[in-house]
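Here is a short report for someone meeting this structure for the first time. Please look over the sequence and the model before reading on.

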Amino acid sequence: MSVKQSSAPMLVLASSSPRRKELISLLGLPVQISPSHVSEDTPDDWSPLQIVEGLSLRKALAVKEELAHSFDPSSIIVGSDTIVVLNGKVMGKPRDDEDAEHMLQQLAGQIHEVYTGVSCIRISDEKTVTSHRITKVKMRNLSPEQISRYVATGEPLDKAGAYGIQEIGSLLVESIDGCYFNVVGLPVSLLAVQLEQFNITIP
Ligand SMILES: Cc1cn([C@H]2C[C@H](O)[C@@H](COP(=O)(O)OP(=O)(O)OP(=O)(O)O)O2)c(=O)[nH]c1=O
């Protein structure tokens with residue numbers, strides 16, 4: 001893939017998510033991974049939009065503050081955060097299997113929204129761009145036994161809303177309206193639009 005820049009800047013992905021690592025590679029830019037270790041606690045009165053934008057920024061800022069000196073100043077740090085929202089109720093990653101079952105019982109047969117926030121910070125001048133995307137997901141009706149069997153796969157524990165659309169969780173999803181990659185945790189076309197603000201055009 002060609003990128004309209006003489007030397008492509010490095011992207012620093014502030015994430016421990018293997019899905020985000022795989023998705024960011026689609027941009028064809030050099031990438032380094034540098035997980036952030038921030039609290040994901042947010043004030044009770046934050047909206048879903050404030051949560052995902054605020055946490056994506058918190059993740060990117062934490063890496064900038066800790067490690068900016070280790071990267072070329074032209075590098076851009078990318079942070080991201082994903083939540084599931086059912087009728088205004090926010091679901092992050094489940095605490096344990098019981099919590100996962102509870103989340104899936106609520107989501108089964110319903111339409112929910114997946115919000116992902118993405119923040120980019122350029123190290124040299126701290127130019128920052130933050131935005132988010134929303135995808136609607138309709139989940140199938142599921143029996144308690146189906147939910148228990150899915151939770152027993154271990155797949156839900158590191159995923160918002162206790163399912164992974166890109167894995168066995170694909171079998172739980174009836175339809176989606178919006179960006180698939182947003183559900184998986186990194187809306188790559190939104191990131192490409194954000195990078196245009198740093199004069200990086202892809203493709
Ligand atoms: C709904 C859904 C979420 N997810 C994942 C995306 C995110 O990785 C995760 C939500 O947790 P996040 O806190 O957004 O991310 P993370 O803890 O995995 O990684 P990091 O903070 O280090 O970047 O849920 C899926 O993989 N598939 C899905 O279908």
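## Basis

This is a predicted model: local features need pLDDT of at least 70, side-chain atom pairs count only at pLDDT 80 or more, and totals for chains, interfaces and linings use all residues. Residues are numbered from 1 along each chain as its sequence is written.

## The whole chain

The protein chain has 6 helices and 7 strands. Helices (H or I, at least four residues) and strands (E, at least two) are DSSP runs, numbered from the N terminus. Their order from the N terminus is β-α-β-α-β-β-α-β-β-α-β-α-α.

The radius of gyration, taken over C-alpha atoms, is 17 Å. A compact globule of 203 residues would have a value near 17 Å, so the two agree. The globule rule is 2.2 Å times the number of residues to the power 0.38. Along its principal axes, the C-alpha trace spans about 55 × 35 × 25 Å.

Buried residues make up 37% of the 203 residues. A residue is buried if 20 or more other C-beta atoms lie within 10 Å of its own, exposed if 12 or fewer, and partly exposed in between; C-beta atoms are placed from the backbone. Two residues are in contact if their C-beta atoms, placed from the backbone, lie within 7 Å. Among contacts between residues at least 6 apart in sequence, 71% join residues at least 24 apart.

## Paired strands

Two strands pair if DSSP finds at least two bridges between them. Strand 3 (residues 76–86) and strand 5 (residues 111–122) run antiparallel, joined by 10 bridges. Strand 5 also runs antiparallel to strand 6, with 11 bridges. V114 in strand 5 stands opposite V84. In strand 6, the bridge partner of V114 is T135. The hairpin of strand 5 and strand 6 has 5 residues between the strands, and E126 there takes a positive phi near 60°.

Strand 6 (residues 128–139) is joined to strand 7 by 4 bridges, again antiparallel. One of the partners is D177 in strand 7, which bridges to K136. Strand 7 (residues 173–177) is hardly covered: of its 5 residues, the count of buried ones is 0.

## Helix 4

Which residues of helix 4 are buried? In this helix (residues 144–152), they are I147, Y150 and V151. Seen down the helix axis, these buried residues fall within an arc of 100°, so they line one face of helix 4. The arc is that of the directions from the helix axis to the C-beta atoms. Helix 3 (97–107) is included in what covers them.

The face turned away from the buried side carries the exposed residues E145, R149 and A152. Just after helix 4, G154 takes a positive phi of about 85°.

## Around the ligand

The ligand is surrounded by 26 residues; the closest are S15, S16, S17, I165 and G185. A residue is near a molecule if its C-beta atom, placed from the backbone, lies within 6 Å of it. Helix 1 (18–24), strand 3 and helix 5 (180–184) each supply at least two residues of the shell. The largest share, 4 residues, comes from strand 3.

By class, the shell has 8 nonpolar, 10 polar and 8 charged residues. Ala, Val, Leu, Ile, Met, Phe, Trp, Tyr, Cys and Pro count as nonpolar, Asp, Glu, Lys and Arg as charged, and the others, Gly among them, as polar.
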